[in-house]
Amino acid sequence: MTMFHFFNCAILTFGPHAVYYSATPLSEYDTLGTSVKAALVYLGTALVKLVCLATFLKVSENDGFDPYQELLKAVIGFIDVAGLYFALTQLTHRNISQNHKFQAVGLGWAFADSVLHRLAPLWVGARGLEFTWDFILQGLEANANLVLSISLAALGSLMWLRKNKPKTLIPIIYACAGIVATMPSITSYLRRGLGWHFPKVVVFELFTSLSMAFISWQLFSACQRPS
């Protein structure tokens, strides 16, 4: 029963990444190499973030919300944006379109995040004797992160790769990218500042991810229309 629960949670956590790759044109254009490169860039940025967090953040004696600490975390979190910029603009990609490039990069980015932050807790906790909903919720959170990562990659593609975008949309694109990039700090405030329980935070993340995906899709479509 414990292994069955583990496999269910693992499929919920990592399965959508495989489904997205196989169900979209990414598999037809063989963009797996691009996703792997993006995953490696994510691991590099995660290492840099870890060093910065260990250097500049102090160990808190309580689990309360510290505005200064959270602001510093948000600033350090923008290292992810720098890493995504590198993955989108500096890596060599096969001859794929801009549409497929940002999807492949976002997919690899999200998969690496799930492996790094959720695989070990899942392996240790989901095989326990006592059933808990926490790992199912973590799987749903991974799905929300997948959508947010692809949305941020789409917005980054518009910011850095598309030159002829309408000027009226530029502030909206940057504002949406800022919201997505600071989602970890937003959810941290909801948990520690407002005392939200984990299920409520996950529902918020799912709703926000779907909203940002819809907005990103609309912005991407608007930028593709001939001016």
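A residue counts as buried when its relative accessible area is under 20%, as exposed when that area is over 50%, and as partly exposed in between (1.4 Å probe, protein chains only). Cys-52, at 19% relative accessibility, therefore counts as buried. The structure is a predicted model, where local features need pLDDT of at least 70 and side-chain atom pairs count only at pLDDT 80 or more, while totals for chains, interfaces and linings use all residues. Residues are numbered from 1 along each chain as its sequence is written, and side-chain values use heavy atoms, with hydrogens and water left out.

**Cysteines**

- A disulfide is a covalent bond between the sulfur atoms of two cysteines.
- Here, a pair of cysteine sulfur atoms within 2.5 Å counts as a disulfide, and that rule gives a count of zero.
- Take Cys-223: the closest cysteine sulfur belongs to Cys-176 and sits 11 Å away, so that's too far for a bond.
- Cys-223 is also buried, because its relative accessibility is 2%.

**Nonpolar cores**

- In soluble globular proteins, nonpolar side chains tend to be buried together.
- A nonpolar core here means a set of buried Ala, Val, Leu, Ile, Met, Phe, Trp, Tyr and Cys residues joined through side-chain atoms within 4.5 Å.
- The largest one has 41 residues, and Phe-102, Leu-155, Ile-173 and Leu-219 have the most contacts inside it.
- Helix 2, helix 4, helix 5, helix 6, helix 7 and helix 9 (198-224) each supply at least two residues of this core, and helix 6 gives the most, with ten.
- Helices (H or I, at least four residues) and strands (E, at least two) are DSSP runs, numbered from the N terminus.
- There's also a second, separate core of six residues, including Cys-9, Ala-10, Leu-122 and Phe-135.
- Which residues does Leu-155 contact, leaving aside its neighbours within four places in sequence? They are Ile-173, Cys-176, Ala-177, Val-180, Ser-216 and Leu-219, where contact means heavy atoms within 4.5 Å.

**The largest pocket**

- A pocket is found on a 1 Å grid over the protein atoms alone: it is an open set of points where a 1.4 Å probe fits, with protein on both sides within 12 Å along at least five of seven lines, and its lining residues have an atom within 4 Å of a point.
- The largest pocket holds about 1300 Å³ of space, with volume being the space filled by probe spheres set on the grid points, which are joined across faces, edges and corners.
- Its lining takes in 38 residues, and Lys-49, Asp-113, His-117, Pro-184 and Thr-187 lie nearest the centre.
- Helices that each supply at least two lining residues include helix 3 (67-77), helix 5 (98-125) and helix 8 (183-193).
- By type, the lining has 19 nonpolar, nine polar and ten charged residues.

- Ser-151 sits in helix 6 and is buried, at 4% relative accessible area.
- Ser-151 touches Met-212, Ala-213 and Ser-216, not counting residues up to four places away in sequence.
- From Ser-151 to Phe-102 is 49 residues in sequence, but 8.8 Å in space, C-alpha to C-alpha.
- Gln-69 belongs to helix 3 and is buried too, at 8%.
- Gln-224, in helix 9, is partly exposed, with a relative accessible area of 38%.
- Beyond residues up to four places away in sequence, Gln-224 touches Asn-99 and Arg-162.

Notes:
Ala, Val, Leu, Ile, Met, Phe, Trp, Tyr, Cys and Pro count as nonpolar, Asp, Glu, Lys and Arg as charged, and the others, Gly among them, as polar.
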